Structure formats: structure tokens, C-alpha cells
Amino acid sequence: MSVRELVVLGTASQVPTRHRNHNGYLLRWDGEGILFDPGEGTQRQMLRAGVAAHDIDRICVTHFHGDHSLGLAGVIQRINLDQVPHPVTAHYPASGQRFFDRLRYATAYRETVRLTEAPVADGGVLADTPSYTLEALRLDHPVESFGYRLTEPDGRRMLPERLAAHGIKGPDVGRIQREGALGPVALEDVSEVRRGQRFAFVMDTRLCDGARELAEGCDMLVIESTFLDEDVALATDHGHLTAGQAARVARDAGVRHLVLTHFSQRYSEPDEFERQARAAGFEGELSVAQDLVRVPVPKRDA
């Protein structure tokens, strides 16, 4: 049975707190696991959340600030220690290659796993698999930063009334799906397009076209909201978003489920992030992320 869910490993921004670890997010997408922005302490958070090194197929780093990447050293070494049986691909800004190299080889260990380095230079499509297309777009932060987006290929939804009108039933339903036609009846005559699911991951950034484009039409958007709206000047100065700004991006993009995260340590009450997001006009599903919580990707239409 396929599983599509976000496992939240950490939600703090620059400084962790007693209740919030540095960043870390594992997206389970059918049989694959994509680890986003493993900050310091990610390996321990994986243990607490029931996530194994074997669950990781890709690592996506948005940028090389410590709260988004210092956990790479431990995660990479754990992948090798556990002798993960499949190759792992790492995506990260090409401009930060020296930081990736330092983290990958921070200490001595035995390499047992093929780790493919796939640095991101200008964005665009990074991978095209049967289950999804992975792409990246540039964000607006003091250091080079990219957001990521998964798009599932569109499928087709069978229409029972049209199948019945053409006398198609039983094994013939599967046959027309596989072959695209059954005699004079084409698949398009008895079905309609079922839009593929979309997921986006947008971390440290000011408001920019990249964030808006990544969010467009997403079933789930995971987006930073480091500051509350009253601190918008600080957000702009440091290259971040407020709760209201993040919510307006989601509202305008038609996002179904908004996940706010990456909170400054100056705030101890998470309810205010939800209140400001609602005040900004976002009406879909809304989660103010907490460490070690699992958030299901909204189910697609049948």
C-alpha cells in the first residue's frame, strides 16, 4: 500500500529550543523517502520518529546555513554504517560544493553506499521517475537557496456511466486501461484526466517568484514562517517570511494543505502563527508543524 506523508523531524530556525530541533523533514512518497534539510540532531530525531537510514533515497538541501545542513555529516555516515542497499542521491546548491564536501567527509568512516552528488546550478528538472518529477527553483535568501517540488504524472479516472454505456465491464476495464482502446472505444471515451499530486518544499526566502511558482496548485506546501507579521521588517532584512506572507502565497496558489514551519526561538506560542495565517485569508487545511509529527499528504481524487 502506497504511503504519502511528511514526517517532521525538526521545526526550529537558527537556534533550537527545548521543544524544537533544528530542521529535518522526510517525505514518504510511495516506496521512496526524500530527506529535506537535515539540520543538527537529525539522526537522533530519525530514531525518535521511527525513520531508518534505509528509508532515505534522496537528500535535498535548500541552502548551506547550519540549521539546514549540519546534520548531513551524521546522516551520510549512518547511511554507510547501516549499509543501505540502494544508491542515494544528494541535491544541493552547486555554489555550496565546498560545504557539502566538508560535511560528507567531516570525519573518518568506511564508505559502503553509492552516494551520487547532483548539485543544483540553475534549477529546473532534477529527476524524472515513474512516480514523480523533481524540480528546483531559485529562492531569495542572503546565500543561494533553492526550493523543491514533486509533481506526480497525471493519470486517468474511469467513468462508470460511460463504461456502462459502451458495455465495458469486468476484465475489459483493466484491458482498456492497459492498451488504451478496446475495439472502437478509446480510453479517452470512458475516462477523464486525474490530476497528479503536487508537493513543494520552500525554506529560507523572502517573497519571490520562485516561492510562488513552486507553490502553484500544490496538494501540500511546506513553507518557512520564521517570523510573525509584526516582525516583517526583521523577516525582510534576514531573508525570511512571516506567517501572513507564507499563508498568502498558499492562498493565491490554491494550496490544499499548508504546513508552516522553521520558527524563530523568540516565539513560544504556536497558535499565533495559525491565527495570522487564517487572518491572511488561507482557508485550506493548515498545520503549524511540531517535531515528530506525521502529516498525510491530502488524498487525491479517486
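## A tour of two open sheets

Start by selecting residues 146-151 and residues 198-202: these are strands β9 and β14, which pair in the antiparallel sense over 4 bridges. Strands (E, at least two residues) and helices (H or I, at least four) are DSSP runs, numbered from the N terminus; two strands pair if DSSP finds at least two bridges between them. Strands of a sheet pair through backbone hydrogen bonds, either parallel or antiparallel. This is a predicted model, in which local features need pLDDT of at least 70, side-chain atom pairs count only at pLDDT 80 or more, and totals for chains, interfaces and linings use all residues. Residues are numbered from 1 along each chain as its sequence is written, and side-chain values use heavy atoms, with hydrogens and water left out.

Now pick T151; its bridge partner in β14 is R198.

Contact means heavy atoms within 4.5 Å; axes are lines fitted to C-alpha atoms, for helices over the stretch in contact, and angles run from 0 to 180 degrees between N-to-C directions.

Move to the other sheet: 7 strands in the order β6-β5-β4-β3-β2-β1-β18, open and mixed. Select β5 (residues 88-93), which pairs with β6 in the parallel sense over 6 bridges. Here P93 stands opposite V120 in β6. Finish with residues 97-104, helix α4, which lies across β5 and β6.
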